[in-house]
Amino acid sequence: MAVFTAVSLDDLHQWIKQYPLGNAVGLEGISSGIDNSNFFLSTERGEYVLTIFENLRFDQLPFYVKLMAHLAERGIPVPAPVANADGELVVTLQGKPAIVVSRLQGSSQLDPQPVHCAEVGRMLARMHLAAQDFTLHQPNLRGLDWWVATAPAVLPFLDGDEAALLRAEVDYQAAFAAGPVYPKLARGPVHADLFRNNVMFEGERLSGCFDFYFAGVDTWLYDVAVTVNDWCIDLATGKLDEARVHALLDAYHAVRPFTPDERAAWQPMLRAGALRFWLSRLYDLHLPRAAELLTPHDPTHFERILRERIACPAPNLP
């Protein structure tokens, strides 16, 4: 989340009337994240989040927005999109696509313990199963094709050792994807960005997850790997905390059991999850866009994680 497009309460005075929310009475920009402009929106009817999309087009948004609505209808704790008087979920604001969703209760758990990781694992498995009958399809736009296309753009900014690692890992992932195991992995809509700051807790109870704007159809195992690479590590070193890993994986497995093919693919998928975020952070650091509020993330964090996953295999799946 960030603020690239400035919006004031005056800008919303007429715009908000298309929604059944009453008048807008408060608006606060959200500075974390790097892809859309986001605001906490207070109205006479309650608390919401307003998002203005900076990269996604109107024709790309139905997948994300309708996926959230689909999951919310099936009891997954996600933001529920609000329709305007014409039944539209995505509307124009400041010349760009925008959406209003319900605001989740709770706060992020930035120092997760095994109990929190188990909650995340259960919810992620429930989410995967709940989305099986979602009818829209969109690939993971930050998947292998993006890695192959984007790596050459950032390579000139890297030293020799970093460049060699990036080239080698992209080649490794391309070879794995072309091999016999990858096509057999279970697939469906995935969150693809389920980091600690995208999940809310009230005490030890998971109260919601949000920020679905990197979602797409990919392997469920990739989604698990991305999640483990954030929730189950020591942030300073990238090393896995085995108690947290086992808590998350066991809880997921109890809802949606892992398959033999997923067990075979587990180590490559953890590397894939690290590569994706190392590469995107390199791109955002070296080829940034202007923003009113922007907090770039350190790419070396995921470089450490990638090197750690290559050097030290993770605990196996249940």
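# Close-up views of a predicted model

**View 1. His 301 in helix α9.** His 301 belongs to helix α9, which covers residues 300–311, in a structure that is a predicted model throughout these legends. With a relative accessible area of 12%, His 301 is buried, because the limit for that class is under 20%. When residues up to four places away in sequence are not counted, His 301 touches Ile 233, Leu 235 and Arg 281.

View 2. Once residues up to four places away in sequence are set aside, Val 228 touches Ile 233, Leu 240, Val 245, Leu 248, Leu 249, Trp 266 and Leu 270.

**View 3. The second largest pocket and its lining.** The volume of the second largest pocket is about 340 Å³. Its lining is made of 19 residues, of which Gly 143, Leu 144, Asp 145, Tyr 182 and Asp 218 are the closest to the centre of the pocket. Two or more lining residues come from each of the elements α4 (144–154), α5 (160–177), β9 (216–219) and α8 (260–286), and α4 gives the most, with four residues. Sorted by class, the lining of this pocket has twelve nonpolar, four polar and three charged residues.

**View 4. Cysteines without a disulfide.** The count of disulfides in the model comes to zero. For Cys 117, the nearest cysteine sulfur is that of Cys 232, at 4.1 Å, and Cys 117 is therefore in no disulfide, since a disulfide is a pair of cysteine sulfur atoms within 2.5 Å. Cys 117 counts as buried, at 0% relative accessibility. Cys 312 is likewise in no disulfide, and the nearest cysteine sulfur to Cys 312, again that of Cys 232, is 16 Å away. At 35% relative accessibility, Cys 312 counts as partly exposed, because that class lies between the buried limit of 20% and the exposed limit of 50%.

**View 5. Two loop residues with positive phi.** Gln 94, which is not a glycine, has a positive phi, near 55°. Its place is the loop between β4 (91–93) and β5 (96–102), and at 39% relative accessibility Gln 94 counts as partly exposed. Asp 211 also has a positive phi, of about 60°, although it is not a glycine. The loop that holds Asp 211 runs between β8 (205–209) and β9, and there Asp 211 counts as buried, at 16% relative accessibility.

**View 6. Asn 55 in the loop between β3 and α2.** Asn 55 lies in the loop between β3 (46–53) and α2 (61–73), and with a relative accessible area of 41% this residue is partly exposed. Not counting residues up to four places away in sequence, Asn 55 touches Asp 35, Gln 60 and Arg 289. From C-alpha to C-alpha, Asn 55 and Glu 119 are 32 Å apart in space, while in sequence they are 64 residues apart.

**View 7. Leu 12 in helix α1.** Leu 12 is part of helix α1, residues 9–15, and with a relative accessible area of 0% Leu 12 is buried. Leaving aside neighbours within four places in sequence, Leu 12 is in contact with Val 7, Ala 24, Leu 27, Leu 41, Leu 50 and Leu 93. Leu 12 and Leu 71 are 59 residues apart along the chain, and their C-alpha atoms are separated by 28 Å.

**View 8. Ile 99 in strand β5.** Ile 99 sits in strand β5 and is buried, with a relative accessible area of 0%. The C-alpha atoms of Ile 99 and Thr 51 are 5.4 Å apart in space, although the two residues are 48 residues apart in sequence. With neighbours within four places in sequence left aside, the contacts of Ile 99 are Val 49, Leu 50, Thr 51, Phe 53, Val 65, Met 68, Pro 81, Leu 89 and Tyr 213.

Technical notes. Residues are numbered from 1 along each chain as its sequence is written. This is a predicted model: local features need pLDDT of at least 70, side-chain atom pairs count only at pLDDT 80 or more; totals for chains, interfaces and linings use all residues. Side-chain values use heavy atoms; hydrogens and water are left out. On a 1 Å grid over the protein atoms alone, a cavity is a set of points where a 1.4 Å probe fits but cannot get out, and a pocket is an open set with protein on both sides within 12 Å along at least five of seven lines; lining residues have an atom within 4 Å of a point. Grid points are joined across faces, edges and corners, and a volume is the space filled by probe spheres set on the points. Ala, Val, Leu, Ile, Met, Phe, Trp, Tyr, Cys and Pro count as nonpolar, Asp, Glu, Lys and Arg as charged, and the others, Gly among them, as polar. Contact means heavy atoms within 4.5 Å. Buried means under 20% relative accessible area, exposed over 50%, partly exposed in between (1.4 Å probe, protein chains only).
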